[in-house]
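Thanks for coming. I have one structure to go through today, and I will take its side-chain links group by group. Please have a look at it first.

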Amino acid sequence: MAKVLMMVCILFVAGQVKADLQVTANTNVWAVPSTSKSCKAWKQNKEENDVPSKYINLGNLSFLWSDSDLDLQIKEIRVSLRDPVLNGGEYLCRVSGEDLKFLGEGDWMTVRKAASHQYTYVATDCPMLCGGIQFQKDVAATINGKIEVIGDVEKDGRLEERVYGLTISVDNLEF
């Protein structure tokens, strides 16, 4: 069973460390050797699976925002893996735009500024799946990578991109 890990994501701003976003996701997962349906396919009542074989399930994601001055607009969630056992040595899954919106209901991608000494919490209501992981060799392996949450904050009238990350471990159990 996949373990859920809450990780405080650290943002480095002008030499200062500022912990603004806590992300919860499944971070110890296995590559499932079958196909599945994305949130978009489920919500549009599609019959066919649209997530290709060897997929990972990051579960429902949640975000705890502690910045009392700025809203965070999540624009992409990215999973990257690098290891010689992968075809091409790397794997990248990007969820953005309409696919990102289908992970939740309403305007879940905008995390509003927190009140003084408070947090703002938002979460997806559908698990994030990343498929099409291809292994070069048919061997048992554990691959390390990262999950990144990319978003924008508006500061002084201009958008600033922020990237928050946490580590992920993917096991290939079928060989």
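Before the first residue, one definition: a polar contact is a pair of N or O atoms within 3.5 Å, where, within protein, one must be able to donate a hydrogen and the other to accept it. Also, please keep in mind that this is a predicted model.

With that, let me start at Asn87. This residue sits in the loop between strand S5, residues 72-82, and strand S6. Its side chain reaches the backbone nitrogen of Gln136 at 3.2 Å. Which residues does Asn87 contact, once its neighbours within four places in sequence are left aside? They are Gln134, Phe135 and Gln136. There is also a C-alpha separation to mention here: Asn87 and Lys137 are 50 residues apart along the chain, and their C-alpha atoms are separated by 8.3 Å.

Next, the disulfides. How many does the structure hold? The number is 2. Counting bonded cysteines along the chain, they follow the pattern 1-3, 2-4.

Take Cys39 and Cys126 to begin with. Their sulfur atoms are 2.1 Å apart. The torsion about the S-S bond is -110°, and the link is left-handed.

Cys93 is in strand S6, residues 90-96, and Cys130 is in strand S9, so distant parts of the chain are linked, 37 residues apart. Cys93 has a relative accessible area of 9% and is buried. Cys130, at 0%, is buried as well.

Now the aromatic rings. A search of the whole structure finds 2 aromatic pairs. In one of them, the rings of Phe63 and Trp108 have their centres 6.0 Å apart and their planes at 20°, so the pair is stacked. Phe63 belongs to strand S4, residues 62-65, and Trp108 to the loop between helix H2 (97-101) and strand S7 (110-111); the two are 45 residues apart.

Trp65 and Tyr164 form an edge-to-face pair, 6.2 Å centre to centre with 90° between the planes. Since Trp65 lies in strand S4 and Tyr164 in strand S11, residues 158-172, the pair ties together parts that are 99 residues apart in sequence. Trp65 and Tyr164 are both buried.

While we are on rings, there is also a charge over one. Lys37 lies over the face of Trp42, at 4.4 Å from the ring centre.

Last, the salt bridges. The count comes to 16, and I will show three of them.

Arg162 forms a salt bridge with Glu160, with the closest N and O atoms 3.7 Å apart. Both Arg162 and Glu160 are buried.

Arg78 pairs with Glu76 in a salt bridge, and there the closest N and O atoms are 3.6 Å apart. Arg78 and Glu76 are likewise buried.

Glu148 forms a salt bridge with Lys146, with 3.7 Å between the closest N and O atoms. Glu148 counts as buried at 14% relative accessibility, whereas Lys146 is partly exposed, with a relative accessible area of 39%.

Notes: Residues are numbered from 1 along each chain as its sequence is written. This is a predicted model: local features need pLDDT of at least 70, side-chain atom pairs count only at pLDDT 80 or more; totals for chains, interfaces and linings use all residues. Side-chain values use heavy atoms; hydrogens and water are left out. A salt bridge is a side-chain nitrogen of Lys or Arg within 4 Å of a carboxyl oxygen of Asp or Glu. Buried means under 20% relative accessible area, exposed over 50%, partly exposed in between (1.4 Å probe, protein chains only). A disulfide is a pair of cysteine sulfur atoms within 2.5 Å. Helices (H or I, at least four residues) and strands (E, at least two) are DSSP runs, numbered from the N terminus. Contact means heavy atoms within 4.5 Å. Rings of Phe, Tyr and Trp (its six-membered ring) pair if their centres lie within 6.5 Å; planes under 30 degrees apart count as stacked, over 60 as edge-to-face and the rest as tilted. A charge sits over a ring if NZ of Lys or CZ of Arg is within 6 Å of the ring centre and within 35 degrees of the ring normal.
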